[in-house]
Amino acid sequence: MSEWTGHQGTIEFMESETKDLPQKRGPQRPLDTFDRKILAAMTADARQTYAEMGRAAGLSAPAVHERVKRLKASGALAGTTARIDGAAVGKPFLAFVHVDAEGWGKSQRMMRLNAFPEVEEMHSVAGDTCVIVKVRTASAQALEQFLSQVFVLPGVRGTKSFVVLSTYLERPVQAEVTGEWPAVPLPPE
């Protein structure tokens, strides 16, 4: 669809541009305390045995095994992966690239950036940018090469790159949820 008018045309265009992109699915049933304890144990060390996770969750090894199967089937447990140190594999240069594009931003062309192993995350966001890309490269020059790939995408108007100097916290999704936020913010030290 090369031309469109009005809101409906915009929706049709976005659907045609993104229909083949993978969609996230949520868990089919709510997670209970045991599920969250199992996920927390796996997040700490996915190499643990079901018996070790069971001790942390207060369940037997067979019960943990069944719950892990259910968590995988529901999509709550997307998989287990190794966490790799960027510097150890020759990619010590971390940056977050904000991409400003015409329209929605997320398109098949934009999603082709995931072909580069330097791209770790891509997020559609609200605000003054369309997409945020987490990129880990070998050097500033490699980031510049990546940016040259972004700029040739149709509709890209500009980028803002935020180079990471130090990382204070980097962790995967945590299973726990804050049940009640403090009424008063944490006090300064």
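Trainee: Is L113 buried or exposed, and why?
Mentor: L113 counts as buried because its relative accessibility is 3%, and the cut-off for buried is under 20%. Keep in mind that this is a predicted model.

Trainee: Where does L113 sit?
Mentor: In the loop between α5 (108-111) and β2.

Trainee: And which residues does L113 touch?
Mentor: Leaving out residues up to four places away in sequence, L113 touches V119, M122, F146, V150 and L153.

Trainee: How many residues apart in sequence are L113 and V150?
Mentor: They are 37 residues apart. In space, their C-alpha atoms are 7.6 Å apart.

Trainee: Back to M122. What is its bridge partner in β3?
Mentor: V133. Strands β2 (residues 119-124) and β3 pair in the antiparallel sense, with five bridges.

Trainee: What lies between β2 and β3?
Mentor: Six residues; the two strands form a hairpin. G127 is in the turn, with a positive phi of about 125°.

Trainee: Which other strand pairs with β3?
Mentor: β1 (residues 93-101), also in the antiparallel sense, over seven bridges. There, F96 has K134 of β3 as its bridge partner.

Trainee: New topic. How many residues of β3 are buried?
Mentor: Seven of its seven, across residues 131-137.

Trainee: Which residues are on each side?
Mentor: V131, V133, V135 and T137 are on one side. I132, K134 and R136 are on the other. Both faces are covered.

Conventions:
Residues numbered from 1 in each chain as written. Predicted model: local features only at pLDDT ≥ 70, side-chain atom pairs only at ≥ 80, totals over all residues. Heavy atoms only, no water. Buried < 20%, exposed > 50% of the residue type's maximum accessible area, 1.4 Å probe, protein only. Helix = DSSP H or I, 4+ residues; strand = E, 2+ residues; numbered from the N terminus. Pairing = 2+ DSSP bridges. Contact = heavy atoms within 4.5 Å.
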